[in-house]
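User: Please go through the labels used for this model. I want the cut-off behind each one.

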Amino acid sequence: MAITYRVTLFLLCFFPSILLAQEKFTLSGTITDGKTNETLIGVNILIPEIQSGTMTNEYGFYSITIPEGTYSIQISYLGFKTITETIVLNTNTSKNFQLQEAAESLDEVVITENVEQLNIRKPQMSVNALSIKTIKQMPVVLGEVDVIKSITLLPGVTNAGEGSSGFNVRGGAADQNLILLDEATIFNSSHLFGFFSVFNPDAIKDLKLYKGGIPAKYGGRVSSVLDIYQKEGNSSEFHMNGGIGLISSRLLAEGPIKKDKGSFLFGGRSSYAHLFLPLFDLDNVAYFYDLNTKLSYRLNDRNSIFLSGYFGRDVFSIQDSFENTYGNTVVNFRWNHLFSDKLFSNVSLIYSDYYYGLDLNFVGFEWESGIRNFNVKYDLKHYINNNFKLEYGLNSIYYKFNPGEINPNTEDSGINPFKLTDKYAFENAVYADAEHKLSNKLSLSYGARFSTFHRLGQDELNSYENDNPVIFNQDLGIYEKAEPTGTESFSRSDVIESFANIEPRFSLAYQLNDFSSVKASYNRMSQYLHLLSNTSSPTPLDVWTPSGKYIKPQLLDQVAVGYFRTFKDNIFSLEIETFYKTIQNRIDYIDGADLIANNAIEQVILNGEARAYGMEILFRKNEGKLKGWLAYTLSKSEQRTPGRTNIETGINNGNWYNTPFDKTHDISLTASYDLNKKWTFSSNFLFQTGQPATFPNGQYEYNGIIIPSYEGRNSSRLPSYHRLDFSVNYNPNPDSEKRFKGEWVFGIYNAYNRRNAANITFRENRMSGTNEAVRLAIFGIVPSVSYNFKF
């Protein structure tokens, strides 16, 4: 007995944690908007007594395991009032919170210093998030709020210019971005050939752009992930909101299916500028429309189901001779299940389709192409303890590619039906990702994704001598198509080619002090799909093709290092990142490649490599009447395709050349000023180095024909791009108790009427007979006005 007493006393004196270790319990629940019951993503939950905390996931769920005791819980979220509640934790507790929108006081601070420490410690880097409120305040062309255009104001993000579709991240191509809407893939993110994005801002709840350090749950693209979630709808009461603009309008309705348990959301947009064309004796049509929908229902405290969808179409026609129709369709059914207060799961069944149709009445045929996929995902998040969280899951995607089909649209057209060979593929992946807090200063995130890709059997596949569909003509010094030696046919269950890749992901954060940290990350990613395009930005006619026997998957390796700091209780923040990335098997095209209606696309493709490196700076003012940021990117983006043998010259003589997405300097300044409750003023300024281009550098005459000769690929540039935009939001009755509320938005795009070059072409001047360069500019100064309302 005496020995036991002495041992106990010894342990109590020198190792008190062994005997006095308190039993730990889990606090978990969901955090919602108190007005709409909408779940909130990324809410900070902080426990100051032990300097610990967590954040809500994509479905508003949180879980934290801490020792038994009495704690003051702080719940903070940008734009909402911070709440503090005392909780006695002596058993596993489920606790839901509802946040109220911050008061209209413009100087109110809703995020505290302690909460910001969580973000500094978090190992995640190279991520940008924008609130829909911020996006709606940005000046835009023709007053149409645009999610895609808004992210180009962030560091490391550009596009090919006005009227261009897609966006480019850290020198990557537009097809290297994974764009997700409620986890469903969007293959074309633009309306009207790039003038507007497909995302209705009224239906969007949250968006994040991952440029590096990408979590293992994402895969399939090598540049970035744009993850967008739609709102769930108001389960408390019925509301409608919308907007009327110069060229388009939108309307959204949301309300309860069953009060506080289920909700619906239906939204629609449509442009109508084409209705005014007959006034100018123009028989042309150009318009778009899209529909968003979401149904949400909480079955019980542990189960919720969601059904979301999107349908969009663009229609463009010239009189009765030409009609172009294209767009996306996505449907997603999700089931959230809570196995325990520490284990959260989500099952998703997803359908995604992109359709492109072309009706050429003047030649008597119609053309259709597209891509379709079916995706099954199962994701779990395990809150093992407060210092260790684990995410793991799997997904399988089945693809069907329709490269193109021609059919006569009249009986006497004289066109014979023609079908390019459909392609099929199956992509699978399993992943695990851990977030590990090693100490108060050091946090890690590490994991891996194992992906496989199977090119499935198709009706007909060309075979070539030495499996080489592209040959080099040594006499002419050019690449040419190889003649097929035969064809092979496969059943759908056959596997033509298989690929497997391990994709490690790693990032760390080391906190220097309460206000600053350094972070580093590495990630490898695989991309098995390729967009066949030889333009600087995607067009609706571009076709997706899978990796296979002759086309290898793209493989990315990227490292990034950054310094992060906050000033004056997070009123200001500074982010500085440098990155370097390489891409293997970046496809390139031989000179004179024909990509449209090509049933043997492998005959014009060579596998090359790409690299990009640079520095990004983001300085933000987060609070107060004046808010905004200054973003600067200094970068280089190049690619090359060397010869496969010593005899071959490669593309561009095997030398590195600028990609079409290379922008040496990219500066953007975004600011908004709340003068009072009625007036808000916003402005953007943008400057970018001109887009790379290839110009003629001479000409020669052959058999009486003048033939231009060209410089090396992308060795020249268009003039620098810059513009200044303004907008004013006017709310005439901000304190009105009436249910109906409205506001006016006035804007000026390109305020000093800069004629930015979309491209430069060369022609012979008919008067002087000399050659001249002609600049094409799309927009000059563009005023706009729109009216937004809600009730």
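User: What makes β43 and β44 a hairpin?

Analyst: The two strands form a hairpin with 4 residues between them. β43 covers residues 665–674, and β44 covers residues 679–688. They run antiparallel and are joined by 9 bridges; strands count as paired if DSSP finds at least two bridges between them, so β43 and β44 meet the rule. One of the bridges links A671 to S683 in β44. Strands are DSSP runs of E with at least two residues, helices are runs of H or I with at least four, and both are numbered from the N terminus.

User: What kind of model is this, and how are residues numbered?

Analyst: The model is predicted: local features need pLDDT of at least 70, side-chain atom pairs count only at pLDDT 80 or more, and totals for chains, interfaces and linings use all residues. Residues are numbered from 1 along each chain as its sequence is written, and side-chain values use heavy atoms, with hydrogens and water left out.

User: Which other strand pairs with β43, and how do you know?

Analyst: β41 does, in the antiparallel sense, over 9 bridges. T633 stands opposite D666 in β43.

User: Why is T158 given its burial label?

Analyst: T158 has a relative accessible area of 8%, which is under the 20% limit, so T158 is buried. T158 lies in strand β10, residues 157–158. Not counting residues up to four places away in sequence, T158 touches T152, F167, N168, F661, K663, D666 and Q688; a contact means heavy atoms within 4.5 Å.

User: What does the largest nonpolar core consist of?

Analyst: This core has 40 residues, and F167, F199 and L226 have the most contacts inside it. The elements giving two or more residues to this core are α4 (132–137), α5 (147–151), β12 (177–181), β16, β17 and β41 (626–640). A second, separate core of 22 residues includes Y356, W367, I371 and F453. A nonpolar core is a set of buried Ala, Val, Leu, Ile, Met, Phe, Trp, Tyr and Cys residues joined through side-chain atoms within 4.5 Å.

User: How do you know which strands lie at the edges of the open sheet of 5 strands?

Analyst: The sheet has the order β9-β16-β17-β12-β13, with mixed pairing. β9 (127–129) and β13 (184–185) each pair on one side only, and these are the edge strands. Within the sheet, β16 (residues 204–210) and β17 (residues 224–230) pair antiparallel over 6 bridges. In one of them D206 has Y229 of β17 as its partner.

User: Why are K122 and E435 called a salt bridge?

Analyst: The N to O distance between their side chains is 3.3 Å. A salt bridge needs a side-chain nitrogen of Lys or Arg within 4 Å of a carboxyl oxygen of Asp or Glu, so the pair qualifies. K122 lies in the loop between α3 (113–121) and β9, and E435 in strand β28 (residues 423–437), so the pair ties together parts that are 313 residues apart in sequence. K122 is partly exposed at 22%, and E435 is partly exposed at 28% relative accessibility.

User: How many salt bridges does the rule give?

Analyst: The count comes to 37.

Technical notes:
Buried < 20%, exposed > 50% of the residue type's maximum accessible area, 1.4 Å probe, protein only.
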